[in-house]
Amino acid sequence: MTGAASPPAPLAERAAALAATLDDARREAESGVLIDLAGLEDRVARLCAEAEGLPRGAARALLGPLGDLVAALDPLAAALTDQQAQREEAIAAALDGRDDPHTARRRAAAAYGRPDSAAPAPSPAPSDDTP
């Protein structure tokens with residue numbers, strides 16, 4: 001008999017893809033994007049059920065990809081917790097009448113008659129009279 005059996009490639013690939021999805025979700029959450037994790041629990045449950053059905057050697061070979069998947073959960077949870085705290089702070093500030101920096105900038109831009117996203121006016125084109 002040769003070394004440990006390798007897991008079915010699709011299962012290992014799905015575990016790696018799911019870990020990459022969690023990492024992408026973490027990056028989006030850290031940048032303030034609201035993310036949709038619908039279906040995540042079902043995907044993980046199917047993956048785990050399939051891993052449980054593998055022979056011991058093949059299942060053991062999945063420890064690395066499944067470990068990466070588990071390792072991706074804590075940073076995602078931390079990013080989501082931070083995102084929620086920031087949203088709660090923004091809501092509390094709005095309820096207290098405090099301005100967030102974005103609202104204050106928009107109000108100042110409106111007071112000076114410029115749109116918030118206005119770029120500086122382009123330089124005038126050189127005239128043909130200039131030597």
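User: In which helix is Ala 51 found, and is Ala 51 buried or exposed?

Analyst: This is a predicted model, in which local features need pLDDT of at least 70, side-chain atom pairs count only at pLDDT 80 or more, and totals for chains, interfaces and linings use all residues. Residues are numbered from 1 along each chain as its sequence is written, and side-chain values use heavy atoms, with hydrogens and water left out. Helices are DSSP runs of H or I with at least four residues, numbered from the N terminus. Ala 51 belongs to helix 2, which covers residues 40–52. Buried means under 20% relative accessible area, exposed over 50%, and partly exposed in between, with a 1.4 Å probe and protein chains only. Ala 51 counts as buried because its relative accessibility is 11%.

User: Which residues is Ala 51 in contact with, leaving aside its neighbours within four places in sequence?

Analyst: Contact means heavy atoms within 4.5 Å. On that basis, Ala 51 is in contact with Leu 11, Ala 59, Leu 62 and Leu 66. Leu 11 lies 40 residues away along the chain, yet the C-alpha atoms of Ala 51 and Leu 11 are separated by 7.7 Å.

User: At what angle do helix 1 and helix 4 pack, and how far apart are their axes?

Analyst: Helix 1 (residues 9–30) and helix 4 (residues 63–96) pack at about 15°, with axes 8 Å apart. The two helices are therefore roughly parallel to each other. Their crossing is left-handed. Among the residues making the contact are Ala 15, Leu 22 and Arg 26 of helix 1 and Leu 66, Leu 69 and Leu 76 of helix 4.

User: How is Arg 26 placed at 17% relative accessibility, and what does Arg 26 touch?

Analyst: Arg 26 is in helix 1 and counts as buried at 17% relative accessibility. Not counting residues up to four places away in sequence, Arg 26 touches Pro 75, Leu 76 and Ala 79. Leu 66, in helix 4, counts as partly exposed at 21%. With the same exclusion, Leu 66 touches Ala 15, Leu 47 and Ala 51.

User: Which residues touch the most other members of the largest nonpolar core?

Analyst: In soluble globular proteins, nonpolar side chains tend to be buried together. A nonpolar core is a set of buried Ala, Val, Leu, Ile, Met, Phe, Trp, Tyr and Cys residues joined through side-chain atoms within 4.5 Å. The largest one here has 18 residues, and Leu 11, Leu 22, Leu 47 and Leu 69 touch the most other members. Helix 1, helix 2 and helix 4 each supply at least two residues of this core, and helix 1 gives the most, with seven. Leaving out residues up to four places away in sequence, Leu 69 touches Ala 15, Leu 18, Ala 19, Leu 22 and Leu 47.

Definitions and conventions: Axes fitted to C-alpha atoms, helices over the stretch in contact; angles between N-to-C directions. Parallel < 35°, antiparallel > 145°, perpendicular 65-115°, else oblique. Left-handed = near helix turned anticlockwise from the far one by under 90°.
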